Amino acid sequence: METTFEAAVVAAGDFPTHPVALSILRSTPHIVACDGAVGDVPQAEAVVGDGDSVPTTYRQRLIRIDEQEDNDLTKATRYCLTRGWRSIAYFGATGRREDHTLGNISLLMRYYREFGIQGTMFTDHGFFSPVRGTRTFPAFPGQQVSIFNFGCKHLASTGLKWESYAYEQWWQGTLNESLGEFFSLEGDGYYLVFQTYEKKASSSMEGSGK
């Protein structure tokens, strides 16, 4: 997992409480809040959105963008691009409404493909990383790993409990497990990887047809 980022984007979902996520947020030099999320990060240097839910105290930092084609997460990401920041940590992008959660997670792949963003999305349980091709991931024995295919026709793994393949359905790649300090994935396209912060207490597995 990358632990240093040029910027953090904080959305108005569930603000993280896990110490790993909070540590990364505290160490990131530039923080951009999505509209009303500035209440969770009053130290944010910019607030991006339509301003509907921004308290008066923070309005001098508001970058108002009224167009409705993109959501506030994407508007904040575009703002980061104007500043030259491409290594971005995302927080508060999940939780609350499930449709917003699913949409925001999928946007992480859009930013990677279309904008060249090296982004990582942190939750209270783990983190999502968009990937293309072959990559080796730092891990630990028993770390839970899920892989979501975004178009690979070939997808293979080493160092996971169950061998990966080019999943046709998202559920098929969920709830795998790292066997050691690293695991590797080899794909001919894009895929999204989720890794937990902590080892699962039980060794029993569900999903992935296991």
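Biologist: What should I know before we start?

Modeller: This is a predicted model, where local features need pLDDT of at least 70 and side-chain atom pairs count only at pLDDT 80 or more, while totals for chains, interfaces and linings use all residues. Residues are numbered from 1 along each chain as its sequence is written, and side-chain values use heavy atoms, with hydrogens and water left out.

Biologist: Let's begin with Tyr 79. Why is Tyr 79 called buried?

Modeller: Buried means under 20% relative accessible area, exposed over 50%, and partly exposed in between, using a 1.4 Å probe and protein chains only. Tyr 79 has a relative accessible area of 16%, so it counts as buried. Its place is in helix α2; helices are DSSP runs of H or I with at least four residues, strands are runs of E with at least two, and both are numbered from the N terminus.

Biologist: Which residues does Tyr 79 touch?

Modeller: Contact means heavy atoms within 4.5 Å. Leaving aside residues up to four places away in sequence, Tyr 79 touches Val 32, Ala 46, Val 48, Ile 63 and Trp 85. Ile 63 is 16 residues from Tyr 79 in sequence, and their C-alpha atoms are 8.7 Å apart.

Biologist: Now Asp 35 and Arg 96: what is said of phi in each?

Modeller: Asp 35 has a positive phi, near 50°, in a residue other than glycine. Arg 96 is not a glycine either, and its phi is positive at about 60°.

Biologist: Which other strand is joined to β1 by 4 bridges?

Modeller: Strand β5 (residues 87-91), which runs parallel to β1, with Ile 88 as the bridge partner of Ala 7. Both faces of β1 are covered: Ala 7 and Val 9 on one side, and Ala 8 and Val 10 on the other, are all buried.

Biologist: What makes the span of α3 close to the expected one?

Modeller: The expected span is 1.5 Å times one less than the number of residues. Helix α3 (residues 98-115) has 18 residues, and its 25 Å from first C-alpha to last is close to the expected 26 Å. Its buried residues include Asn 104, Leu 108 and Phe 115, and the elements that the buried residues of α3 pack against include α2, β5 and β11. Just after α3, Gly 116 takes a positive phi of about 70°.

Notes. Two strands pair if DSSP finds at least two bridges between them.
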